[in-house]
Protein chains: 2
Amino acid sequence: METILHLTGPLDPRSGWRASPDRCPIARALDVMSTRSAFLIMREAFYGTSRFDDFVGRAEISEPVAAARLRELVSEGLLVREPYREPGQRTRHRYRLTEKGADLLPVLVGLIQWSQRWLDDDGAGGVLALRHRDCGERVGVGLRCAADHEVAVGELDLTLAAAGAR
Amino acid sequence: METILHLTGPLDPRSGWRASPDRCPIARALDVMSTRSAFLIMREAFYGTSRFDDFVGRAEISEPVAAARLRELVSEGLLVREPYREPGQRTRHRYRLTEKGADLLPVLVGLIQWSQRWLDDDGAGGVLALRHRDCGERVGVGLRCAADHEVAVGELDLTLAAAGAR
């Protein structure tokens, strides 16, 4: 049986421990990004969408869903809601990515990359492309270690940090 | 208003086009990875979990949910279901990541990285760590272009490829 991640130390064998919901970082991230609509709203925020009506129209979700998701994403600190006023208009609110929200971009780019690699019917890599402004080359995400080595999927160890009370 | 991604060409301004569900690669990826339980099952597959009962217990989901998700993930080609038989036992089935499924790892690592950076209460970076087997350093995901430049979030252009009928 092939294992992609190699579990080391107390994590091996897998049957000896549980990735409990309050400790597993993936589960905790999914508590925040819990729905398809949360991802679509974050996509729109990256594209520069800021007004409620535009989130509804561009993410193609209902107003109640958009309102609920925006409230959650603000409450979790991924977006901020701030008042603004155009000359001669009443005060309205707009939404802007925080640093915490913007830091989710590698996850979204990872989804784009995977989708274009595996779900495209025409094999053309999709029509949307992320490019590096400086050099114009396509941008993707990859695994890399702190020593700046590119890391293949099969070269990963999952370890348990010794330090800390948990 | 800050925009993280810079839209270029026909994509600018954002109000002139729609990221339609059947074209947006994020939306299409989320059609496949549509639920929290799908992510948790993929997490377990990366950890080497292969048997139905172990997916249920380790992802802490119900049997009907696990059965539905595994069926979908097999049908979408992220997992394969194959028979195996231990000596003296009846034939059973196990699940294994395909190349398409394994290629989702950067997305999961992106979620781990974001979660440990932004959701950890103790600031210790969490107890689970992904390490590069060769050098022992922590592994994360980052944006990088085909010319191998590290790309900051603000250096991204979103462009529309000219080629193709779509």
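Domain bounds here come from an automatic or database domain assignment. The model is predicted.

**Stop 1: the domains of chain A**

Select residues 1–17 and 104–166 of chain A; together they make up domain 1. Now colour residues 34–102 of chain A, which form domain 2. The centres of domain 1 and domain 2 of chain A lie 28 Å apart.

**Stop 2: the two chains**

Show chains A and B together. What rotation superposes chain B on chain A? The rotation is 180 degrees, with 0.0 Å of shift along its axis and an RMSD of 0.0 Å. That is the relation of a two-fold axis. To find the axis, go to B:V107. Of the residues of chain B, B:V107 comes closest to the rotation axis, with its C-alpha at 2.6 Å.

**Stop 3: the interface**

Select the contacts between the chains. On chain B, 87 residues are in contact with 87 residues of chain A. Highlight helix α6 of chain B, residues 105–118. This helix gives the most to the side of chain B that touches chain A, with 13 residues. Colour that side by class: 47 residues are nonpolar, 16 polar and 24 charged. Then compare the two sides. Of the interface residues of chain B, 100% are also interface residues in chain A, so the copies meet through the same surface.

**Stop 4**

Select β4 of chain A, then β6 and β1 of chain B. These 3 strands form an open sheet in the order β4(A)-β6(B)-β1(B), with mixed pairing. Which strands stand at the edges? They are β4 (128–132) of chain A and β1 (6–7) of chain B. Each has a single partner strand, so one side of each is left without a neighbour in the sheet.

Zoom in on β4(A) and β6(B), residues 156–160 of chain B. The two strands pair in the antiparallel sense over 5 bridges. Pick A:R131 and look across to its bridge partner in β6(B), B:D157.

**Stop 5: the sheet with β4 from chain B**

Move to β1(A), β6(A) and β4(B). Here 3 strands form an open sheet in the order β1(A)-β6(A)-β4(B), and the pairing is mixed. The edge strands are β1 (6–7) of chain A and β4 of chain B, each pairing on one side only.

Follow β6 of chain A (156–160) along β4 of chain B (128–132): the strands run antiparallel and are joined by 5 bridges.

**Stop 6: helices α3 and α4 of chain A**

Select residues 52–59 and 63–75 of chain A. These are helices α3 and α4, packed at an angle of about 115 degrees with their axes 9 Å apart. The crossing of α3(A) and α4(A) is right-handed. Show side chains: A:F52, A:F55, A:V56 and A:A59 in α3(A) meet A:E63, A:A66 and A:L70 in α4(A). By class, this contact has 6 nonpolar residues, no polar ones and 1 charged.

**Stop 7: helices α2 and α3 of chain B**

Finish with residues 36–46 and 52–59 of chain B. The axes of these helices, α2 and α3, come within 10 Å and cross at roughly 115 degrees. α2(B) passes α3(B) in a right-handed crossing. On α2(B), pick B:S37, B:L40, B:I41 and B:E44; they meet B:F55, B:R58 and B:A59 in α3(B). The contact of α2(B) with α3(B) has 4 nonpolar, 1 polar and 2 charged residues.

Methods
Residues numbered from 1 in each chain as written. Chains lettered and ligands numbered in written order. Predicted model: local features only at pLDDT ≥ 70, side-chain atom pairs only at ≥ 80, totals over all residues. Axes fitted to C-alpha atoms, helices over the stretch in contact; angles between N-to-C directions. Helix = DSSP H or I, 4+ residues; strand = E, 2+ residues; numbered from the N terminus. Left-handed = near helix turned anticlockwise from the far one by under 90°. Contact = placed C-beta atoms within 7 Å. Nonpolar A, V, L, I, M, F, W, Y, C, P; charged D, E, K, R; others polar. Pairing = 2+ DSSP bridges. Least-squares fit on C-alpha atoms with pLDDT ≥ 70 in both.
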